[in-house]
Amino acid sequence: MKRRQKKKGSKWLVNGILGFICLIWIIPTAGLFVSSFRPAADILETGWWTVFPHKGWETEEQMTLPKDTDLKEPIEVSGVNYSDEQLKQGVTTTEGQKLVWQNRRGRIIDVQEKQWKTNAVFTLDNYKNVLGGKNYEITQSDGSIKIEKGSNLTRAFVNTLTVAIPATIIPVLIAAFAAYAFAWMKFAGRKTIFVIVVALLVVPLQVALIPVLQNFTALGLNGTYLGIWIAHTGFGLPLSTYFLYSYISQLPRDLFESAFMDGASNFTIFTKLILPLSVPSIASIGIFQFLWVWNDYLVSLVFIGSQPNVQVLSMRIAEMVGSYGNDWHLLTAASFVSMIMPLAVFFALQKYFVRGLMGGSVKG
Amino acid sequence: MGTWISRHKWLWLTFITILVPTMNLLIHWRIFIFLRDGDLTPILYAVLAIIWGVVGVYTIYLSLNWVVEQYSVKWRQRIQPLIFVGPALILLGWLLLYPTLRTLILSFMDESSVDFVGFSNYAAIITNRLLLSALRNNLLWVVLGTFSCVSMGLIIAVLADRSSFEKLAKSIIFMPMAISMVASGVIWKFVYYYKPGDEQIGLLNAIVVALGGEAQAWASFSQPWNNLFLIVILVWMQTGFAMVLLSAGIKGIPEESLEAARVDGASEIRIFFKIMIPYLKGTILSVTTTIIVFTLKIFDVVMVMTGGQYDTDVVATQFYRQFFMYRNNGYGSTLAIVLLIAIIPVLIFNLRQIRKQGGGFS
């Protein structure tokens, strides 16, 4: 601890630099978060940072010039001449005011002054819009009203849960059985088979997609929950098995011997003894697998395809990026909906998550 | 009498050995068909599906194990391990091992997988402009992305170690790891957003304009430099990972060696390069290899940001396009194999490193 208190001067510098980096790291997410609560028109008009107090031009008064003012000639406003072009762009006077056409035909000029202001208008409409399937009215920047169909992310959210929960529990359970057998049961070719299982860590998903897709199509598994569970299970197994093996194989031998003495079978030992003992490592790999499945895009894209009933969040959002690329009110809210679950898991279970990540660094 | 019982037992064993797996298969297939074709409300459907998925797997093990428990001790000991590892091996064989071999074969076939074409797909990878640019971009990702992630991670880990808000800083840097790449894509698309006109709503363009520059459409302007703006997203996501592991390594550096160097009057920068980096070598290597593997397979970010347009294709996106858009199985498979070949040495190295550090199989 001593070295950390040693230099007061450099500590300021360290805190400053680190604080700056943290700010850079968090700003993109903060921008998304703030924007998701802003009205649709506002998002497209002004940057999200304008919700914070800032100096901006505010119209103070309006001036009406004589109707017969010739726009081709220099236009005189309070004793100074300006061109039409200048007034279109807005021009700053010597008193620090800004003059800009409010209505060119009506010869009305806005006189603006720099003032502190905020664009802090917030709404929950974006969330209502993406979560519900109903139609919503959106007031656009020019005042007109656009009817938009909600994108019903609620359904996608439920789908993602339905995909992610079994696709987490099933592979971890299967891997735990296998890890136990590799660690504590004797059978022919145990070592060789284990090495093959670990070697499968290198296989990138892409290699497996097409042949598996063809099998799934033949079996009618394509676009079904069972299909996507099987896919995630298979792709998650090498890592889960490897991870759990390294834990289960380290358990003390006496544990098993005394249990065997009492006449317990392997199955009983596994379910009554090993599973409860392995909870920390199962939690780590489980969280890792859950986040992986929840955040996955490629596997869902290939095996769910365009089945609207089974579509998961990541697919819906990627689709929205394509079809409503500029509807930031929808995109920001939708992305945040998809982030709620992983962020909750992350903040609640950070310790396990970090451990799973360290072990999970070799996922293929 | 004894022989009659053993014969009877034998019949019984045969009976259950056939019946239980068959029943399992039939029952689960029936449930599958019911769930697939049934017209249920989404919530009910989800609940039923989750229960079936989880309980189903457990009952398969339970019932098969019950059958094995009926056998004599000698046979039980032989067969039981198969029940335990069997499901894992079947799934792995079906979903990973067999597809890898098949993809390997397909990579030597023509686009519709009919004729054998030898190495011509592999030759195409280095001659076809699309495939070549995907390779080049992927290389750019691996080199620049990995280097930036690891060096940023190292710098932040060192700074955090000496700061007064270590935990908070680490949480903030680490948080993007939990966010999906698709959502990260949206986050950064918004940062890079370009709108013709003077009021910019994308942060980057607003800063550029405020500094007197000109707003740009960053993801599509001057190629291939636009790739850099996509790589930034990777750095944003993966630096946290590097930082967590390196930070754990830094905590392990013995205080005395740092103290001794300070007493000798070594500057902090010198200590960083002469003591910390050599000490962290192992961790740096395994972090680097892990990020390389991750980066080689990068897909979602590119797909969401540009869809591979504007010359931003990488191997994984080009693979997707070859298979699903151009229907060229040959090129697609070859790209997948190229990925595999690129990953193998890195991963072997990584596994060795992990083993050396005492984790896992030994």
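**Close-up views of a helical model**

Chain B has 15 helices and zero strands (helices are DSSP runs of H or I with at least four residues, strands are runs of E with at least two, and both are numbered from the N terminus). This is a predicted model, in which local features need pLDDT of at least 70 and side-chain atom pairs count only at pLDDT 80 or more, while totals for chains, interfaces and linings use all residues. Residues are numbered from 1 along each chain as its sequence is written, chains are lettered from A and ligands numbered from 1 in the order in which they are written, and side-chain values use heavy atoms, leaving out hydrogens and water.

**View 1. The whole of chain B.** Along the principal axes, the C-alpha atoms of chain B fill a box of roughly 95 × 60 × 50 Å. Buried residues make up 51% of its 362 residues (buried means under 20% relative accessible area, exposed over 50%, partly exposed in between, with a 1.4 Å probe and protein chains only).

**View 2. Two stretches from a record.** The unreviewed UniProt entry lists several "transmembrane region" stretches in chain B, among them residues 139-160 and 271-296 (positions follow the numbering used here, feature names are shortened, and annotations may be inferred rather than shown by experiment). Residues 139-160 of chain B are 100% helix and 0% strand, with end C-alpha atoms 31 Å apart. For residues 271-296 of chain B, the values are 96% helix, 0% strand and 33 Å.

**View 3. Around B:Gly185.** Look for B:Gly185 in helix 7 (residues 181-192) of chain B. B:Gly185 is buried, with a relative accessible area of 0%. Leaving aside residues up to four places away in sequence, B:Gly185 touches B:Val304 and B:Met305 (contact means heavy atoms within 4.5 Å). From B:Gly185 to B:Gly153 is 32 residues in sequence and 21 Å in space, C-alpha to C-alpha.

**View 4. Helix 14 of chain B.** Helix 14 (residues 315-324) of chain B is mostly covered, with nine of its ten residues buried. Among them are B:Phe319, B:Tyr320 and B:Arg321.

**View 5. A helix pair in chain A.** Helix 12 (residues 279-295) and helix 15 (residues 328-348) of chain A pack at about 170°, with axes 10 Å apart (axes are lines fitted to C-alpha atoms, for helices over the stretch in contact, and angles run from 0 to 180 degrees between N-to-C directions). Helix 12 and helix 15 of chain A are therefore roughly antiparallel (over 145 degrees). Residues that meet here include A:Phe290 and A:Trp294 in helix 12 of chain A, and A:Met341 and A:Val345 in helix 15 of chain A.

Note on methods: Parallel < 35°, antiparallel > 145°, perpendicular 65-115°, else oblique.
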